[in-house]
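Me: I've just opened this one and would like to talk it through with you.

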Amino acid sequence: MKNLLKILFLFFAIQYVSAQEPYLKITVAKDASGDFQSIQEAVNSTRDLGPGEVEIFIKNGVYNEKIVIPTWKHQLTLIGESKDQTIIKGNDYSGKIDSVSGEKLNTFTSYTVLVEGDDIHFRNLTIQNTWCERGQAVALHVEGDRFIAENCNLLGCQDTLYTATAGSRQYYKNCYIEGTTDFIFGQATCVFEGCTIKSLANSYVTAAATPPNQEFGYVFFNCELIAKDGVGRVYLGRPWRSYAKTVFINSTLGEHIVEKGWDPWTGDQMFPQKEKTTYYAEYQSKGKGASPKTRVAWSHQLTKNELRKYTIENIFSGNQNDWKPNTK
């Protein structure tokens, strides 16, 4: 009986490990030493709505591509050889005429990388939009559910990271994100953990558009906010839509963060008086930019009791199924 139990245990252990392993591994290399020379070709080659995870390993190089991971591609893990040398680069921007379609791009089509599929995981990559002259130019645009970016650089200026669509859950761990105006914006529920966030101009870090029926918008855990030399007047956020939710927990704020902390985005005729409905909060902010006594009256300093609901498990619960991000 004991031997039978051991055999069964070993069988199920092997089955569990096998289930966690990618069923297909692909290599992308610009020098033709891999399976494909472009990332988009590798994505396109995977089975639509495939049976399990596909790992796409991307060798060092600069990939000048505009990448789309459509809704029918899921469970893809894109891993760069090294974060700073595996670079996906684009320079589209709002107002640019697309060379293929002849149509004028807007904020939402200016991306370098678009993720529409569910269960997409990026690791050790740089995604960049080099357009920094003027106007919106998105580096990463995510619409899918259960998205993970781990140890990635997200580089741009205005509107670097578009966390799109209500109900989308996104997790950013140990990432570096930089930009100018509203460079983290959108409707999704997002957790940023251990990230470094750099402001390149006097402006706003976040512009959440959280739907009114969505409990969480942006939650930053143990992040560090820094700024380019000469930048000294930056707001933690302003509400793109009336029910924006953004919370900083145990984060270190540089002296570039203004004493008021938050801006109400006055002058928005479509959504006036957003400070009455938005929810902005902090818990034990540190650094020269931490100033709880001078924050705007309509923001909050969380109590220990209020803090209890801010766990990754609780933030990402619901939406048909609970989700706990699996990272290395």
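Me: Which residue forms a salt bridge with arginine 146?
Reply: Arginine 146 is bridged to aspartate 145, with the closest N and O atoms 3.1 Å apart; a salt bridge here is a side-chain nitrogen of Lys or Arg within 4 Å of a carboxyl oxygen of Asp or Glu. This is a predicted model, in which local features need pLDDT of at least 70 and side-chain atom pairs count only at pLDDT 80 or more, whereas totals for chains, interfaces and linings use all residues. Residues are numbered from 1 along each chain as its sequence is written, and side-chain values use heavy atoms, with hydrogens and water left out.

Me: Are those two buried or exposed?
Reply: Both arginine 146 and aspartate 145 are buried, where buried means under 20% relative accessible area, exposed over 50% and partly exposed in between, using a 1.4 Å probe and protein chains only.

Me: How many salt bridges does the structure hold?
Reply: There are twelve salt bridges. One of them joins the side chains of lysine 274 and aspartate 268, at 2.9 Å from N to O. Lysine 274 counts as buried because its relative accessibility is 1%, and aspartate 268 is buried too, with a relative accessible area of 16%. Elsewhere, salt bridges that share partners tie Asp119, Asp145, Arg146 and Arg169 into one network.

Me: And what does arginine 238 meet in a salt bridge?
Reply: Its partner is aspartate 182, at 2.8 Å from N to O. That pair links distant parts of the chain, 56 residues apart, with arginine 238 in the loop between strand S22 (235-237) and S23, and aspartate 182 in the loop between strand S15 (176-179) and strand S16 (184-186). Strands (E, at least two residues) and helices (H or I, at least four) are DSSP runs numbered from the N terminus. Arginine 238 and aspartate 182 are both buried.

Me: Where does aspartate 159 lie?
Reply: Aspartate 159 is in the loop between strand S12 (153-155) and strand S13 (161-163). Aspartate 159 is buried yet has no salt bridge, and the nearest side chain of opposite charge, that of arginine 238, is 7.2 Å away; Lys and Arg count as positive and Asp and Glu as negative, while His and the chain ends are not counted.

Me: What is aspartate 159 in contact with, then?
Reply: Leaving aside neighbours within four places in sequence, its contacts (heavy atoms within 4.5 Å) include Thr107, Gln136, Thr181, Asp182 and Phe185.

Me: Changing topic, how many strands form the open sheet?
Reply: Eleven strands form it with parallel pairing, in the order S1-S2-S5-S8-S11-S14-S17-S20-S23-S25-S26. The edges are strand S1 (24-28) and strand S26 (300-301), each of which pairs on one side only. Two strands count as paired if DSSP finds at least two bridges between them.

Me: How many bridges join S5 to S2, and to S8?
Reply: Five bridges join strand S2 (residues 54-58) to S5, with glutamate 55 partnered by threonine 77. Four bridges join S5 to S8, where leucine 76 stands opposite isoleucine 120.

Me: Why is S5 largely enclosed?
Reply: S5 is largely enclosed by the rest of the structure because five of its five residues are buried. Leu76, Leu78 and Gly80 point one way, while Thr77 and Ile79 point the other way. In a regular strand the side chains alternate between the two faces of the sheet.

Me: Which way do the residues of S20 point?
Reply: In strand S20 (residues 218-221), Tyr218 and Phe220 point one way and Val219 and Phe221 the other, and all are buried. S20 pairs in the parallel sense with S17 over four bridges, including cysteine 190 to tyrosine 218. S20 also pairs with strand S23 (residues 245-249) over four bridges, and phenylalanine 220 has phenylalanine 248 as its partner there.

Me: Last topic: how much space lies in the largest pocket?
Reply: The largest pocket holds about 680 Å³, a volume being the space filled by probe spheres set on grid points joined across faces, edges and corners. Of its 23 lining residues, the closest to the centre are Gln20, Glu53, Thr77, His121 and Asn326. On a 1 Å grid over the protein atoms alone, a pocket is an open set of points where a 1.4 Å probe fits, with protein on both sides within 12 Å along at least five of seven lines, and lining residues have an atom within 4 Å of a point.
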